[in-house]
Amino acid sequence: MDFYEVIRTRRSVRKFKADDMPEEVLKRVLDAARIAQSGSNRQPWRYIIIRDKARMKEMLPVCGDQSFVAEAPVLIVACGTNLNFNRGGYMGDFSMLVDVSISFDHLTLAARAEGLGTCWIGSFNNDGVKKYLEIPNDVQVVALTPLGYPADSGAFSENTNRKSLEEIVCYEKYE
Ligand SMILES: Cc1cc2nc3c(=O)[nH]c(=O)nc-3n(C[C@H](O)[C@H](O)[C@H](O)COP(=O)(O)O)c2cc1C
C-alpha cells in the first residue's frame, strides 16, 4: 500500500471483529515499532502484548472504562523507561515520551498497512496499569491500543476533519 494512502486512511478504530491476526502479521507490526528512530538511538520502549480477554476486561477501569479497549483480539501496551538524562533540551526525562510516541506511531501506521485497526489510548491511569501489569517503578506507560480487524467496512475512510496547511504552517518566523 502506498505510504501516503496509509497515513491518509489510518483512523482510530473502536469496533473490532473477533478474528485474530496471523502471528507473522503481528510480528511485522511490532517490527515497525522496533525500527523507529529515537534520541541518541536509546530505544527506551518495551511493548506488552495481551491476548487474555479476562485480563483485558479487568484492566478497563484503569483505561477510562473505554469498553472497546477489551474488544480486539490483542491489546498492546507501550512502555518507556525513564532516561534520567537530559540531552541538552528542556525535556529531560520526558524525552522518553517523544521516543516511545514515535515508535508507537510506526506501529499504528504499520497496522493500517496490514488492514488492522488501532486506537491510541491516552486516557488511562499510569499507576493503575503499572500495578496491574507488574511494570517496574522506573518504567511508565505511554499509550495503549487495541489491535484487530475493524468491524466496519468504512473504518479506514480518510479523515477530513483536519486543520488546513495554511493554519499550521508559517514561514521565516512564528505567526
Ligand atoms: C495521544 C493520543 C491520545 C488519545 N487518547 C484516546 C483515548 O483515550 N480514547 C479514544 O477513544 N481515542 C483516543 N485518541 C484518538 C483521537 O481521538 C483521534 O486520533 C483523533 O480524534 C483523530 O481521529 P482519527 O485517529 O480517526 O484520525 C487519542 C489519540 C492520541 C494521539
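This is a predicted model: local features need pLDDT of at least 70, side-chain atom pairs count only at pLDDT 80 or more; totals for chains, interfaces and linings use all residues.

1. Residues are numbered from 1 along each chain, following the sequence as written. As for labels, helices (H or I, at least four residues) and strands (E, at least two) are DSSP runs, numbered from the N terminus.

2. What is the strand order of the open sheet? Its four strands run E1-E2-E4-E3, with antiparallel pairing. Here two strands pair if DSSP finds at least two bridges between them. E1 and E3 are the edge strands, each pairing on one side only.

3. Now go through the pairs. E1 and E2 are antiparallel and joined by six bridges, with Ile48 opposite Val77 of E2. Between E2 and E4, also antiparallel, there are eight bridges. Val77 has Leu144 as its bridge partner in E4, while Val74 has Leu147. E3 and E4 pair over two bridges, again in the antiparallel sense, and Leu147 of E4 is the bridge partner of Thr118.

4. Are the residues of E2 and E4 mostly buried or exposed? A residue is buried if 20 or more other C-beta atoms lie within 10 Å of its own, exposed if 12 or fewer, and partly exposed in between, with C-beta atoms placed from the backbone. Seven of the eight residues of E2 are buried, so E2 is largely enclosed by the rest of the structure. The count for E4 is nine of ten, so that strand is largely enclosed too.

5. That leads to the core. A nonpolar core is a set of buried Ala, Val, Leu, Ile, Met, Phe, Trp, Tyr and Cys residues joined through C-beta atoms within 7 Å. The largest one has 34 residues, and those with the most contacts inside it are Leu75, Ile76, Val77, Ala78, Phe104, Val142 and Leu144. Helix H2 (23–34), strand E2 (74–81), helix H4 (95–113) and strand E4 (139–148) each give two or more residues to it. In soluble globular proteins, nonpolar side chains tend to be buried together.

6. Two residues are in contact if their C-beta atoms, placed from the backbone, lie within 7 Å. Leaving out residues up to four places away in sequence, Leu144 touches Cys63, Val69, Leu75, Ile76, Val77, Ile121 and Phe124.

7. On to H4. This helix has 19 residues and reaches 28 Å from its first C-alpha to its last, close to the 27 Å expected at 1.5 Å a residue (the expected span is 1.5 Å times one less than the number of residues). Its buried residues include Ser95, Asp99, Phe104 and Leu107. Among the elements covering the buried residues of H4 are helix H1 (3–9), H2 and strand E1 (45–50). Just after H4, Gly115 takes a positive phi of about 80 degrees.

8. Two residues deserve a second look. Most residues other than glycine have a negative phi. Glu134, in the loop between helix H5 (126–133) and E4, has a positive phi near 55 degrees. With 7 C-beta neighbours inside 10 Å, Glu134 counts as exposed. Glu172, in the segment after helix H6 (165–168), has a positive phi of about 70 degrees. Glu172 has 5 C-beta neighbours inside 10 Å, so it counts as exposed.

9. Compare sequence and space using Ala70, which sits in the loop between helix H3 (53–59) and E2. Ala70 and Pro146 are 76 residues apart in sequence and 7.1 Å apart in space, C-alpha to C-alpha. Ala70 counts as partly exposed because it has 19 C-beta neighbours inside 10 Å.

10. Finally, the ligand. Which residues surround it? They are Arg11, Ser12, Gly64, Gln66, Cys119, Trp120, Ile121, Gly122, Ser123 and Asn159, taking a residue as near if its C-beta atom, placed from the backbone, lies within 6 Å. By class, this shell has three nonpolar, six polar and one charged residues. Ala, Val, Leu, Ile, Met, Phe, Trp, Tyr, Cys and Pro count as nonpolar, Asp, Glu, Lys and Arg as charged, and the others, Gly among them, as polar.
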